[in-house]
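Biologist: Let us go through this model by question and answer. Please keep it brisk, and give the cut-offs as we go.

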Amino acid sequence: QDIWNMNMQSIMVRLPLDLFIGILLLSLKRWQKVFKNIFSSYLFVDECKSELTLLKNHILKLKSKDSTGRKRSNKGGWQSKSFEKVNSANKEIFEELNKAAQYIKEKLDFSRKIKLLNYWYNINYKNCFNIPHLHASNNIIISGVLYIQISQNCGKIIFRRHNQVFSMLYDERINNYNEYNSSTFSIAPQTKRFLLFPSDLEHYVESNLDETERISLSFNFGT
């Protein structure tokens, strides 16, 4: 006790009182347990306010002129070529999507300006689907999809965690899945619903089990 008092007196002589008290309180503070997110991802979901009939007719007209389309992640179905400039059928829609992209830019605290880079249209017929893929490149930051025509069993979009080992550790060993222990996340499409997500987030689309065509607009924003 005497030695402790001597040491405290020595410190008090050398340090200003307020600084001494701060050090003392810090030394007496009990350690607090911390459970903290250290890495995270995002999924932005909203509903398009614009009317989609004009856009749907525009897509079907494009398909009638190019029935083959192109093959990317789509297995069966039809995918248009990639476009960069908006038109009268989608201008109002992309104004909405751009506002959402700018919101995400602010949330990411991204320093560079972002803009619409490209977009394309998708039609999945019955039994058609999309294999796992991502949109990332050196300038694509945000990717997204807008659902134009859907049905009850037209196929969910499934997002997969970057770490492929993750599923071996947790799948079928979890009572209730959450953001810490899930290897996949699914969301059902709804007409006018749009999603924005990181361009490097892998995703795929389940098979369309209905007769109704699943029609969507995919797009990328970046620098």
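Modeller: Buried means under 20% relative accessible area, exposed over 50%, and partly exposed in between, using a 1.4 Å probe and protein chains only. The model is predicted: local features need pLDDT of at least 70, side-chain atom pairs count only at pLDDT 80 or more, and totals for chains, interfaces and linings use all residues. Residues are numbered from 1 along each chain as its sequence is written, and side-chain values use heavy atoms, with hydrogens and water left out.

Biologist: Is Leu 169 buried, partly exposed or exposed?

Modeller: Leu 169 sits in helix H5, residues 166-170. Helices are DSSP runs of H or I, at least four residues; strands are runs of E, at least two; both are numbered from the N terminus. Leu 169 has 46% relative accessibility, so it counts as partly exposed.

Biologist: What percentage of the chain's residues count as buried?

Modeller: The chain holds five helices and eleven strands. In soluble globular proteins, nonpolar side chains tend to be buried together. Of the 223 residues here, the buried share is 37%.
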